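I opened the model to look up a few things and wrote down what I found.

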Amino acid sequence: MEWETVIGLEIHTQLQTSSKIFSGSSTAYGAEPNTQASLIDLGYPGMLPVLNREAVGMAVKLGLAIGAKIADRSVFARKNYFYPDLPKGYQISQYELPVVYEGTLDIEMDDGSTKTVGVTRAHLEEDAGKSLHEGFETMTGIDLNRAGTPLLEIVSEPDLRSSAEAVAYMKKLHSLVRYLEICDGNMQEGSFRCDANVSVRPKGQKEFGTRTEIKNVNSFRFVEKAIDYEVERQIDVLESGGEVVQETRLYDPAKGETRSMRTKEEANDYRYFPDPDLLPLEIENSFVEKVRSSLPELPDAKRERFISDYGLKAYDAGVLTATREMGDFYEAVVKASGGDPKLAANWVMGEFSGFLNKDGVEIAEAPVNADALAGLLKRIEDNTISGKIAKDVFEAMWAGEGDADTIIDKKGLKQITDASAIEPIIDDVLEKNPQQLEQYRAGKDKLFGFFVGQVMKATKGKANPQQVNELLKEKLKG
Amino acid sequence: MSLSPDDVRHIAHLARLRIEEQDIQEYAGNLSRIVDFVDQLGKADTDAVTPMAHPLEMAQRLRDDVVTEENHRDEYQQNAPATEAGLYLVPRVIE
(Lines give C-alpha, C1' and ligand atoms only; values in the text may rest on other atoms or scores of the structure.)
Protein backbone atom coordinates (compact mmCIF):
# COMPACT_ATOMS: atom_id res chain seq x y z
CA MET A 1 0.00 0.00 0.00
CA GLU A 2 1.15 3.53 -0.65
CA TRP A 3 1.22 5.73 2.44
CA GLU A 4 1.04 9.47 2.85
CA THR A 5 2.82 11.27 5.67
CA VAL A 6 1.08 14.09 7.52
CA ILE A 7 3.11 16.41 9.73
CA GLY A 8 2.30 19.46 11.81
CA LEU A 9 4.96 21.33 13.76
CA GLU A 10 4.78 23.20 17.04
CA ILE A 11 7.75 25.50 17.38
CA HIS A 12 8.64 27.17 20.66
CA THR A 13 10.66 30.34 20.21
CA GLN A 14 12.16 32.13 23.18
CA LEU A 15 11.52 35.82 22.71
CA GLN A 16 14.60 37.95 23.19
CA THR A 17 13.20 40.37 25.74
CA SER A 18 15.42 41.69 28.54
CA SER A 19 13.01 40.69 31.29
CA LYS A 20 10.61 37.80 31.78
CA ILE A 21 7.08 37.66 30.45
CA PHE A 22 5.37 38.27 33.80
CA SER A 23 8.15 39.54 36.08
CA GLY A 24 11.09 41.95 36.11
CA SER A 25 13.70 39.16 36.32
CA SER A 26 16.50 39.09 33.77
CA THR A 27 16.32 36.50 30.97
CA ALA A 28 20.08 36.47 30.29
CA TYR A 29 21.37 32.99 29.51
CA GLY A 30 24.03 31.26 31.56
CA ALA A 31 23.65 32.96 34.96
CA GLU A 32 24.33 31.15 38.23
CA PRO A 33 21.38 28.86 39.07
CA ASN A 34 18.32 30.58 40.57
CA THR A 35 19.88 34.05 40.66
CA GLN A 36 17.29 35.21 38.10
CA ALA A 37 14.25 33.69 39.77
CA SER A 38 12.05 36.18 41.59
CA LEU A 39 9.09 35.54 43.90
CA ILE A 40 6.77 35.63 40.87
CA ASP A 41 8.90 33.10 38.97
CA LEU A 42 9.07 30.91 42.08
CA GLY A 43 5.29 30.88 42.42
CA TYR A 44 5.17 32.32 45.92
CA PRO A 45 1.63 32.85 47.25
CA GLY A 46 0.09 36.23 46.56
CA MET A 47 2.32 37.19 43.64
CA LEU A 48 0.67 38.75 40.61
CA PRO A 49 1.97 38.46 37.05
CA VAL A 50 2.18 41.64 34.94
CA LEU A 51 2.54 41.19 31.19
CA ASN A 52 5.63 42.44 29.33
CA ARG A 53 4.69 44.88 26.51
CA GLU A 54 7.73 43.96 24.43
CA ALA A 55 6.72 40.28 24.39
CA VAL A 56 3.30 41.28 23.02
CA GLY A 57 4.96 43.48 20.40
CA MET A 58 7.17 40.58 19.28
CA ALA A 59 4.17 38.27 18.93
CA VAL A 60 2.43 40.91 16.80
CA LYS A 61 5.59 41.29 14.71
CA LEU A 62 5.59 37.59 13.87
CA GLY A 63 1.86 37.74 13.17
CA LEU A 64 2.26 40.57 10.68
CA ALA A 65 5.21 38.85 8.99
CA ILE A 66 3.14 35.72 8.26
CA GLY A 67 0.05 37.65 7.19
CA ALA A 68 -1.90 36.42 10.21
CA LYS A 69 -4.76 37.96 12.12
CA ILE A 70 -3.91 39.79 15.33
CA ALA A 71 -6.54 39.24 18.00
CA ASP A 72 -7.85 42.54 19.32
CA ARG A 73 -8.72 40.57 22.44
CA SER A 74 -6.91 37.46 23.66
CA VAL A 75 -6.94 35.59 26.94
CA PHE A 76 -4.33 33.92 29.15
CA ALA A 77 -5.18 30.51 30.54
CA ARG A 78 -3.73 28.15 33.10
CA LYS A 79 -2.42 24.85 31.83
CA ASN A 80 -2.38 22.63 34.88
CA TYR A 81 0.19 19.93 35.51
CA PHE A 82 2.67 19.02 38.22
CA TYR A 83 6.38 18.96 37.54
CA PRO A 84 9.09 20.33 39.84
CA ASP A 85 10.43 22.81 37.29
CA LEU A 86 6.99 24.45 37.18
CA PRO A 87 6.59 25.92 40.67
CA LYS A 88 3.01 27.19 40.40
CA GLY A 89 1.55 23.83 39.34
CA TYR A 90 0.38 25.47 36.11
CA GLN A 91 1.90 27.17 33.11
CA ILE A 92 0.42 30.49 32.03
CA SER A 93 -0.38 30.04 28.35
CA GLN A 94 -3.12 30.92 25.88
CA TYR A 95 -5.77 28.43 24.87
CA GLU A 96 -9.04 29.39 23.20
CA LEU A 97 -8.09 32.93 22.21
CA PRO A 98 -4.43 33.19 21.09
CA VAL A 99 -2.87 36.53 20.23
CA VAL A 100 -2.06 35.52 16.61
CA TYR A 101 -4.05 33.19 14.33
CA GLU A 102 -4.54 32.12 10.70
CA GLY A 103 -1.25 32.99 9.01
CA THR A 104 0.75 31.37 6.23
CA LEU A 105 4.39 30.69 5.48
CA ASP A 106 5.74 29.92 1.99
CA ILE A 107 8.48 27.33 1.81
CA GLU A 108 10.85 26.63 -1.10
CA MET A 109 11.95 23.07 -1.77
CA ASP A 110 15.31 22.06 -3.25
CA ASP A 111 13.69 21.19 -6.58
CA GLY A 112 12.55 24.83 -6.91
CA SER A 113 8.90 24.16 -6.09
CA THR A 114 7.14 26.25 -3.48
CA LYS A 115 4.35 25.47 -1.05
CA THR A 116 2.16 27.56 1.23
CA VAL A 117 1.91 26.15 4.75
CA GLY A 118 -0.88 27.27 7.07
CA VAL A 119 0.00 28.59 10.51
CA THR A 120 -2.94 27.85 12.79
CA ARG A 121 -1.91 30.10 15.63
CA ALA A 122 0.89 31.62 17.68
CA HIS A 123 0.38 32.13 21.38
CA LEU A 124 2.31 33.65 24.26
CA GLU A 125 3.30 31.56 27.25
CA GLU A 126 5.96 31.21 29.92
CA ASP A 127 8.84 28.75 29.79
CA ALA A 128 9.50 26.28 32.63
CA GLY A 129 12.73 25.88 34.62
CA LYS A 130 15.35 23.19 34.12
CA SER A 131 15.73 19.88 35.90
CA LEU A 132 19.22 18.47 36.43
CA HIS A 133 19.02 14.74 36.99
CA GLU A 134 22.71 14.04 37.31
CA GLY A 135 25.02 14.67 40.21
CA PHE A 136 22.61 14.32 43.14
CA GLU A 137 22.19 10.74 44.28
CA THR A 138 18.51 10.44 45.06
CA MET A 139 17.50 13.99 44.22
CA THR A 140 16.90 16.19 41.20
CA GLY A 141 18.31 19.73 41.08
CA ILE A 142 16.03 22.53 39.91
CA ASP A 143 17.20 25.76 38.30
CA LEU A 144 14.36 28.24 37.83
CA ASN A 145 16.27 30.93 35.94
CA ARG A 146 14.46 29.95 32.74
CA ALA A 147 11.03 29.83 34.43
CA GLY A 148 8.98 32.72 33.11
CA THR A 149 11.07 33.37 29.99
CA PRO A 150 8.63 34.47 27.27
CA LEU A 151 7.83 31.90 24.60
CA LEU A 152 5.90 32.26 21.41
CA GLU A 153 4.55 28.86 20.41
CA ILE A 154 3.92 28.77 16.66
CA VAL A 155 1.61 25.97 15.54
CA SER A 156 1.37 24.89 11.91
CA GLU A 157 -1.56 23.24 10.17
CA PRO A 158 -1.01 19.55 9.35
CA ASP A 159 0.03 20.67 5.86
CA LEU A 160 3.50 19.14 5.66
CA ARG A 161 3.85 15.91 3.70
CA SER A 162 7.48 14.86 4.20
CA SER A 163 10.39 15.33 6.57
CA ALA A 164 12.02 17.51 3.88
CA GLU A 165 9.02 19.85 3.91
CA ALA A 166 9.07 19.90 7.72
CA VAL A 167 12.73 20.90 7.71
CA ALA A 168 12.14 23.55 5.01
CA TYR A 169 9.31 25.02 7.11
CA MET A 170 11.41 24.97 10.26
CA LYS A 171 14.36 26.63 8.51
CA LYS A 172 12.12 29.29 7.01
CA LEU A 173 10.62 30.12 10.39
CA HIS A 174 14.08 30.07 11.96
CA SER A 175 15.27 32.60 9.40
CA LEU A 176 12.15 34.72 9.86
CA VAL A 177 12.30 35.05 13.66
CA ARG A 178 15.93 36.12 13.35
CA TYR A 179 15.12 38.66 10.64
CA LEU A 180 12.44 40.03 12.94
CA GLU A 181 14.92 40.04 15.83
CA ILE A 182 12.38 38.44 18.13
CA CYS A 183 14.41 35.25 18.81
CA ASP A 184 18.14 34.54 18.60
CA GLY A 185 17.41 31.11 17.10
CA ASN A 186 20.10 29.42 19.19
CA MET A 187 19.07 25.78 19.09
CA GLN A 188 21.85 24.51 21.38
CA GLU A 189 20.64 26.82 24.14
CA GLY A 190 17.03 25.83 23.47
CA SER A 191 15.86 29.21 22.14
CA PHE A 192 14.19 27.51 19.18
CA ARG A 193 12.65 24.10 19.88
CA CYS A 194 10.43 21.87 17.82
CA ASP A 195 7.73 19.29 18.56
CA ALA A 196 6.51 17.30 15.56
CA ASN A 197 3.07 15.72 15.21
CA VAL A 198 3.39 12.83 12.81
CA SER A 199 0.84 10.43 11.31
CA VAL A 200 0.45 8.34 8.18
CA ARG A 201 -2.62 7.42 6.12
CA PRO A 202 -3.28 5.38 2.99
CA LYS A 203 -2.76 7.65 0.00
CA GLY A 204 -6.09 9.11 -1.07
CA GLN A 205 -7.77 8.73 2.33
CA LYS A 206 -9.24 11.94 3.71
CA GLU A 207 -9.23 11.21 7.42
CA PHE A 208 -5.97 11.62 9.30
CA GLY A 209 -4.34 8.59 10.90
CA THR A 210 -3.59 8.46 14.62
CA ARG A 211 -0.69 10.77 15.37
CA THR A 212 2.23 10.68 17.75
CA GLU A 213 4.04 13.73 19.05
CA ILE A 214 7.83 13.79 18.97
CA LYS A 215 9.05 16.17 21.66
CA ASN A 216 11.91 18.62 21.75
CA VAL A 217 13.95 17.89 18.67
CA ASN A 218 16.66 20.49 18.65
CA SER A 219 18.38 20.40 15.28
CA PHE A 220 17.24 20.45 11.68
CA ARG A 221 19.02 17.17 11.00
CA PHE A 222 17.41 15.42 13.97
CA VAL A 223 13.95 16.61 12.98
CA GLU A 224 14.42 14.99 9.60
CA LYS A 225 15.78 11.77 11.08
CA ALA A 226 13.18 11.60 13.86
CA ILE A 227 10.30 12.05 11.42
CA ASP A 228 11.72 9.52 8.94
CA TYR A 229 12.15 6.98 11.71
CA GLU A 230 8.67 7.62 13.10
CA VAL A 231 7.01 7.34 9.68
CA GLU A 232 8.73 3.99 9.05
CA ARG A 233 7.73 2.79 12.51
CA GLN A 234 4.08 3.71 12.06
CA ILE A 235 3.89 2.09 8.63
CA ASP A 236 5.45 -1.09 10.04
CA VAL A 237 2.90 -1.14 12.87
CA LEU A 238 -0.04 -0.64 10.47
CA GLU A 239 1.18 -3.07 7.83
CA SER A 240 1.59 -5.81 10.42
CA GLY A 241 -2.04 -5.31 11.44
CA GLY A 242 -1.44 -3.20 14.53
CA GLU A 243 -2.67 0.21 15.57
CA VAL A 244 -0.69 3.39 16.21
CA VAL A 245 -1.07 4.55 19.82
CA GLN A 246 -1.55 8.28 20.33
CA GLU A 247 1.33 9.20 22.61
CA THR A 248 4.32 11.42 23.19
CA ARG A 249 7.64 10.06 21.97
CA LEU A 250 11.20 11.16 22.48
CA TYR A 251 13.91 11.09 19.80
CA ASP A 252 17.18 9.50 20.85
CA PRO A 253 19.89 10.91 18.55
CA ALA A 254 22.45 8.32 19.70
CA LYS A 255 20.26 5.38 18.69
CA GLY A 256 18.49 7.22 15.86
CA GLU A 257 15.06 6.11 17.08
CA THR A 258 11.99 7.45 18.85
CA ARG A 259 10.63 5.84 21.99
CA SER A 260 7.51 6.18 24.06
CA MET A 261 7.81 8.84 26.76
CA ARG A 262 4.64 8.72 28.80
CA THR A 263 2.42 5.79 29.55
CA LYS A 264 -1.30 5.94 28.91
CA GLU A 265 -2.17 6.10 32.61
CA GLU A 266 -0.55 9.52 32.74
CA ALA A 267 -2.34 10.87 29.71
CA ASN A 268 -2.33 14.65 29.79
CA ASP A 269 -5.35 16.30 31.31
CA TYR A 270 -4.45 19.97 31.50
CA ARG A 271 -7.82 21.39 32.64
CA TYR A 272 -7.26 24.76 30.96
CA PHE A 273 -9.20 27.68 32.36
CA PRO A 274 -8.82 31.49 32.09
CA ASP A 275 -6.18 32.75 34.53
CA PRO A 276 -7.96 35.00 37.03
CA ASP A 277 -4.63 36.75 37.74
CA LEU A 278 -4.55 38.25 34.26
CA LEU A 279 -7.09 40.44 32.52
CA PRO A 280 -7.82 39.94 28.83
CA LEU A 281 -5.11 41.32 26.55
CA GLU A 282 -6.52 44.03 24.31
CA ILE A 283 -4.41 45.18 21.38
CA GLU A 284 -5.32 48.46 19.78
CA ASN A 285 -4.91 49.15 16.11
CA SER A 286 -2.41 51.92 16.83
CA PHE A 287 -0.16 49.37 18.58
CA VAL A 288 -0.33 47.03 15.58
CA GLU A 289 0.45 49.86 13.17
CA LYS A 290 3.41 50.96 15.25
CA VAL A 291 4.80 47.42 15.12
CA ARG A 292 4.10 47.23 11.38
CA SER A 293 6.17 50.34 10.75
CA SER A 294 9.10 48.71 12.57
CA LEU A 295 9.14 45.59 10.35
CA PRO A 296 12.40 45.05 8.43
CA GLU A 297 12.49 43.88 4.81
CA LEU A 298 11.42 40.23 5.06
CA PRO A 299 13.33 37.28 3.56
CA ASP A 300 10.92 36.66 0.65
CA ALA A 301 10.90 40.33 -0.39
CA LYS A 302 14.67 40.54 -0.11
CA ARG A 303 15.07 37.39 -2.19
CA GLU A 304 12.86 38.78 -4.96
CA ARG A 305 14.78 42.05 -4.89
CA PHE A 306 18.15 40.26 -5.13
CA ILE A 307 16.86 38.38 -8.20
CA SER A 308 15.58 41.51 -9.95
CA ASP A 309 18.23 44.04 -8.83
CA TYR A 310 21.35 41.89 -9.05
CA GLY A 311 20.30 39.33 -11.65
CA LEU A 312 20.94 36.42 -9.27
CA LYS A 313 19.56 32.93 -9.70
CA ALA A 314 16.68 32.04 -7.37
CA TYR A 315 18.82 29.51 -5.52
CA ASP A 316 21.69 31.94 -4.98
CA ALA A 317 19.31 34.68 -3.86
CA GLY A 318 17.82 32.22 -1.38
CA VAL A 319 21.23 31.36 0.08
CA LEU A 320 22.23 35.01 0.35
CA THR A 321 19.01 36.00 2.11
CA ALA A 322 18.86 33.04 4.49
CA THR A 323 19.95 35.35 7.28
CA ARG A 324 19.69 39.08 7.59
CA GLU A 325 23.44 39.29 8.32
CA MET A 326 24.32 37.42 5.12
CA GLY A 327 22.04 39.63 3.02
CA ASP A 328 23.44 42.80 4.56
CA PHE A 329 27.01 41.60 4.07
CA TYR A 330 26.41 40.74 0.42
CA GLU A 331 24.87 44.12 -0.31
CA ALA A 332 27.72 45.90 1.44
CA VAL A 333 30.22 44.01 -0.77
CA VAL A 334 28.30 44.86 -3.96
CA LYS A 335 28.08 48.50 -2.98
CA ALA A 336 31.73 48.83 -1.98
CA SER A 337 33.10 47.00 -5.03
CA GLY A 338 30.80 48.73 -7.50
CA GLY A 339 31.32 45.75 -9.79
CA ASP A 340 29.57 42.60 -10.99
CA PRO A 341 26.95 41.46 -8.44
CA LYS A 342 27.26 37.86 -9.65
CA LEU A 343 31.00 37.82 -8.99
CA ALA A 344 30.29 39.18 -5.51
CA ALA A 345 27.63 36.49 -4.99
CA ASN A 346 30.05 33.72 -5.99
CA TRP A 347 32.67 34.97 -3.57
CA VAL A 348 30.31 35.52 -0.64
CA MET A 349 28.74 32.08 -1.08
CA GLY A 350 32.02 30.39 -1.99
CA GLU A 351 35.29 31.36 -0.34
CA PHE A 352 33.81 33.65 2.30
CA SER A 353 31.10 31.25 3.53
CA GLY A 354 33.54 28.36 3.28
CA PHE A 355 36.00 30.06 5.61
CA LEU A 356 33.19 31.05 8.00
CA ASN A 357 32.15 27.41 8.25
CA LYS A 358 35.69 26.11 8.51
CA ASP A 359 36.47 28.42 11.45
CA GLY A 360 32.96 28.29 12.90
CA VAL A 361 32.69 32.08 13.14
CA GLU A 362 29.85 34.50 12.53
CA ILE A 363 29.96 37.20 9.85
CA ALA A 364 30.42 39.90 12.48
CA GLU A 365 33.58 38.17 13.75
CA ALA A 366 35.05 37.36 10.33
CA PRO A 367 38.60 38.64 9.79
CA VAL A 368 37.62 39.81 6.29
CA ASN A 369 34.92 42.49 6.25
CA ALA A 370 32.76 43.63 3.34
CA ASP A 371 35.09 46.48 2.35
CA ALA A 372 38.11 44.17 2.35
CA LEU A 373 36.36 41.57 0.19
CA ALA A 374 35.20 44.33 -2.17
CA GLY A 375 38.83 45.48 -2.44
CA LEU A 376 39.82 42.01 -3.61
CA LEU A 377 36.97 41.80 -6.14
CA LYS A 378 38.09 45.10 -7.67
CA ARG A 379 41.50 43.59 -8.41
CA ILE A 380 39.88 40.62 -10.14
CA GLU A 381 37.70 42.89 -12.24
CA ASP A 382 40.52 45.20 -13.31
CA ASN A 383 42.63 42.13 -14.22
CA THR A 384 45.33 42.83 -11.65
CA ILE A 385 44.98 39.22 -10.54
CA SER A 386 43.20 36.12 -11.83
CA GLY A 387 40.38 34.43 -9.95
CA LYS A 388 42.70 31.61 -9.05
CA ILE A 389 45.36 33.84 -7.55
CA ALA A 390 42.58 35.76 -5.80
CA LYS A 391 41.83 32.67 -3.73
CA ASP A 392 45.39 32.69 -2.40
CA VAL A 393 45.10 36.40 -1.67
CA PHE A 394 41.81 35.80 0.15
CA GLU A 395 43.38 33.13 2.31
CA ALA A 396 46.17 35.54 3.25
CA MET A 397 43.61 38.25 4.02
CA TRP A 398 41.74 35.84 6.26
CA ALA A 399 45.00 35.05 8.04
CA GLY A 400 45.35 38.75 8.81
CA GLU A 401 48.19 39.58 6.40
CA GLY A 402 46.60 42.84 5.28
CA ASP A 403 44.28 44.08 2.56
CA ALA A 404 44.23 42.75 -1.00
CA ASP A 405 46.55 45.39 -2.49
CA THR A 406 49.14 44.97 0.26
CA ILE A 407 49.24 41.20 -0.20
CA ILE A 408 49.34 41.38 -4.02
CA ASP A 409 52.21 43.81 -3.77
CA LYS A 410 54.14 42.05 -1.06
CA LYS A 411 53.90 38.63 -2.67
CA GLY A 412 54.38 39.92 -6.20
CA LEU A 413 51.15 38.36 -7.41
CA LYS A 414 50.28 41.07 -9.90
CA GLN A 415 49.11 39.52 -13.11
CA ILE A 416 51.48 39.71 -16.06
CA THR A 417 49.56 41.53 -18.77
CA ASP A 418 52.56 42.78 -20.69
CA ALA A 419 52.67 40.81 -23.96
CA SER A 420 56.41 41.36 -24.30
CA ALA A 421 56.87 39.57 -20.96
CA ILE A 422 54.59 36.64 -21.84
CA GLU A 423 55.85 36.02 -25.38
CA PRO A 424 59.35 34.80 -24.44
CA ILE A 425 57.82 32.43 -21.93
CA ILE A 426 55.56 30.98 -24.63
CA ASP A 427 58.53 30.63 -26.97
CA ASP A 428 60.39 28.81 -24.24
CA VAL A 429 57.49 26.40 -23.62
CA LEU A 430 57.13 25.59 -27.30
CA GLU A 431 60.86 25.00 -27.61
CA LYS A 432 60.90 22.61 -24.68
CA ASN A 433 58.01 20.54 -25.99
CA PRO A 434 58.78 19.86 -29.65
CA GLN A 435 56.93 16.55 -29.68
CA GLN A 436 53.62 18.09 -28.48
CA LEU A 437 54.11 20.95 -30.89
CA GLU A 438 54.43 18.53 -33.78
CA GLN A 439 51.32 16.60 -32.71
CA TYR A 440 49.36 19.82 -32.34
CA ARG A 441 50.30 21.00 -35.79
CA ALA A 442 49.33 17.55 -37.07
CA GLY A 443 45.79 18.24 -35.90
CA LYS A 444 45.67 17.25 -32.20
CA ASP A 445 43.81 20.41 -31.09
CA LYS A 446 43.35 19.18 -27.56
CA LEU A 447 46.99 19.91 -26.82
CA PHE A 448 46.18 23.61 -26.79
CA GLY A 449 45.17 23.28 -23.16
CA PHE A 450 48.48 21.58 -22.41
CA PHE A 451 50.40 24.61 -23.67
CA VAL A 452 48.24 27.03 -21.72
CA GLY A 453 48.87 24.96 -18.60
CA GLN A 454 52.64 25.00 -19.17
CA VAL A 455 52.68 28.77 -19.58
CA MET A 456 50.58 29.32 -16.47
CA LYS A 457 52.89 26.99 -14.58
CA ALA A 458 55.96 28.85 -15.76
CA THR A 459 54.45 32.15 -14.60
CA LYS A 460 53.20 30.68 -11.30
CA GLY A 461 49.64 31.47 -12.37
CA LYS A 462 50.34 35.14 -12.78
CA ALA A 463 49.85 35.42 -16.52
CA ASN A 464 46.48 36.66 -17.68
CA PRO A 465 44.86 33.46 -18.97
CA GLN A 466 42.90 35.21 -21.69
CA GLN A 467 45.99 36.94 -22.99
CA VAL A 468 47.93 33.69 -22.91
CA ASN A 469 45.21 32.12 -25.04
CA GLU A 470 45.41 34.84 -27.64
CA LEU A 471 49.19 34.98 -27.83
CA LEU A 472 49.44 31.18 -27.99
CA LYS A 473 47.00 31.00 -30.89
CA GLU A 474 49.13 33.47 -32.80
CA LYS A 475 52.36 31.61 -32.08
CA LEU A 476 50.95 28.18 -32.90
CA LYS A 477 49.75 29.37 -36.29
CA GLY A 478 53.43 30.15 -36.75
CA MET B 1 -24.08 12.90 36.21
CA SER B 2 -22.50 10.10 38.14
CA LEU B 3 -18.76 9.90 38.75
CA SER B 4 -17.18 6.46 39.04
CA PRO B 5 -14.61 5.47 41.65
CA ASP B 6 -12.00 5.57 38.86
CA ASP B 7 -12.97 9.17 38.05
CA VAL B 8 -12.42 10.04 41.69
CA ARG B 9 -9.00 8.36 41.70
CA HIS B 10 -8.06 10.22 38.53
CA ILE B 11 -9.14 13.60 39.93
CA ALA B 12 -7.28 12.94 43.17
CA HIS B 13 -4.17 12.03 41.21
CA LEU B 14 -4.35 15.20 39.09
CA ALA B 15 -4.61 17.25 42.28
CA ARG B 16 -1.91 15.13 43.96
CA LEU B 17 -4.27 14.26 46.83
CA ARG B 18 -3.89 11.00 48.72
CA ILE B 19 -7.31 9.58 49.53
CA GLU B 20 -8.36 6.49 51.42
CA GLU B 21 -9.91 3.69 49.40
CA GLN B 22 -12.81 3.42 51.87
CA ASP B 23 -13.78 7.08 51.29
CA ILE B 24 -13.96 6.92 47.51
CA GLN B 25 -17.61 5.91 47.30
CA GLU B 26 -18.63 8.87 49.47
CA TYR B 27 -16.48 11.30 47.47
CA ALA B 28 -18.00 10.00 44.25
CA GLY B 29 -21.50 10.75 45.56
CA ASN B 30 -20.59 14.21 46.86
CA LEU B 31 -18.69 15.23 43.75
CA SER B 32 -21.52 14.01 41.51
CA ARG B 33 -24.01 16.18 43.40
CA ILE B 34 -21.73 19.21 43.04
CA VAL B 35 -21.38 18.62 39.30
CA ASP B 36 -25.18 18.20 38.99
CA PHE B 37 -25.72 21.46 40.86
CA VAL B 38 -23.37 23.39 38.56
CA ASP B 39 -24.87 21.61 35.58
CA GLN B 40 -28.02 23.70 35.97
CA LEU B 41 -26.07 26.50 34.26
CA GLY B 42 -26.22 24.43 31.09
CA LYS B 43 -29.95 25.21 30.84
CA ALA B 44 -29.32 28.93 30.38
CA ASP B 45 -29.46 30.20 26.77
CA THR B 46 -26.01 31.68 26.14
CA ASP B 47 -26.11 31.91 22.33
CA ALA B 48 -25.87 35.70 22.33
CA VAL B 49 -23.45 35.95 25.25
CA THR B 50 -19.71 36.53 24.80
CA PRO B 51 -17.77 34.17 27.04
CA MET B 52 -16.40 36.06 30.02
CA ALA B 53 -12.70 35.69 30.63
CA HIS B 54 -12.60 37.84 33.73
CA PRO B 55 -15.24 39.37 36.01
CA LEU B 56 -13.62 42.80 35.82
CA GLU B 57 -14.52 44.86 32.76
CA MET B 58 -10.93 45.93 32.22
CA ALA B 59 -8.01 45.13 29.97
CA GLN B 60 -4.57 43.88 30.97
CA ARG B 61 -2.06 46.63 31.75
CA LEU B 62 1.39 46.09 30.29
CA ARG B 63 4.78 46.77 31.83
CA ASP B 64 7.92 48.03 30.13
CA ASP B 65 10.57 45.47 29.33
CA VAL B 66 13.10 46.37 32.01
CA VAL B 67 14.89 44.25 34.59
CA THR B 68 13.73 45.37 38.04
CA GLU B 69 14.44 42.26 40.11
CA GLU B 70 17.67 41.68 41.99
CA ASN B 71 19.21 38.45 43.11
CA HIS B 72 17.75 37.30 46.45
CA ARG B 73 18.52 33.64 46.06
CA ASP B 74 19.93 33.12 49.53
CA GLU B 75 16.85 34.58 51.24
CA TYR B 76 14.42 32.66 49.02
CA GLN B 77 16.26 29.40 49.52
CA GLN B 78 15.92 29.61 53.29
CA ASN B 79 12.34 28.46 52.73
CA ALA B 80 13.41 25.39 50.76
CA PRO B 81 13.88 22.05 52.54
CA ALA B 82 16.95 21.16 50.47
CA THR B 83 19.34 23.11 48.25
CA GLU B 84 22.78 22.46 46.84
CA ALA B 85 25.08 24.52 44.62
CA GLY B 86 22.31 27.09 44.22
CA LEU B 87 19.81 24.49 43.04
CA TYR B 88 16.55 23.53 44.72
CA LEU B 89 16.60 19.81 45.42
CA VAL B 90 13.49 17.68 45.01
CA PRO B 91 12.96 13.92 45.17
CA ARG B 92 14.38 12.40 42.02
CA VAL B 93 12.20 12.84 38.95
CA ILE B 94 12.61 10.06 36.45
CA GLU B 95 11.30 10.32 32.93
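**Ground rules.** I worked on a predicted model, where local features need pLDDT of at least 70, side-chain atom pairs count only at pLDDT 80 or more, and totals for chains, interfaces and linings use all residues. Residues are numbered from 1 along each chain as its sequence is written, chains are lettered from A and ligands numbered from 1 in the order in which they are written, and side-chain values use heavy atoms, with hydrogens and water left out.

**Domains.** I looked up the division of chain A and found domain 1 (3–290), domain 2 (299–410) and domain 3 (419–477); such bounds come from an automatic or database domain assignment. Between the centres of domain 1 of chain A and domain 3 of chain A, taken over C-alpha atoms, I noted 65 Å.

**Record.** In UniProt, an unreviewed entry lists residues 328–476 of chain A as "domain: Asn/Gln amidotransferase"; annotations there may be inferred rather than shown by experiment. I found that span to be 71% helix and 0% strand, with its end C-alpha atoms 49 Å apart. Helices (H or I, at least four residues) and strands (E, at least two) are DSSP runs, numbered from the N terminus.

**Sheet.** I picked out an open, antiparallel sheet of three strands in chain A, in the order 6-5-16. Its edge strands are strand 6 (90–94) and strand 16 (273–274) of chain A, each pairing on one side only. Pairing requires at least two DSSP bridges between two strands; strand 5 (residues 76–80) of chain A and strand 6 of chain A have five. In one of the pairs I checked, Phe76(A) has Gln94(A) in strand 6 of chain A as its bridge partner.

**Phi angles.** Most residues other than glycine have a negative phi. I noted two with positive values.
- Asn34(A) has a phi of about 60° and sits in the loop between strand 1 (3–14) and helix 1 (39–42) of chain A. Asn34(A) is buried, at 2% relative accessible area (buried is under 20%, exposed over 50%, partly exposed in between; 1.4 Å probe, protein chains only).
- Glu181(A) has a phi near 55°, in the loop between helix 3 (163–179) and strand 12 (192–202) of chain A. Glu181(A) is partly exposed, at 46%.

**Chain contact.** I found 37 residues from chain B and 52 residues from chain A in contact (heavy atoms within 4.5 Å). The two chains bury about 4000 Å², 57% of it on carbon and sulfur atoms; buried area is the accessible area (1.4 Å probe) that two parts lose on being put together, summed over both. In chain B, Gln60(B), Arg63(B) and Asp65(B) lose the most area to chain A, together 18% of what that side buries.

Which side chains meet in a salt bridge? I found Asp64(B) and Arg53(A), at 2.4 Å, N to O. The rule (a side-chain nitrogen of Lys or Arg within 4 Å of a carboxyl oxygen of Asp or Glu) finds one salt bridge across this interface.
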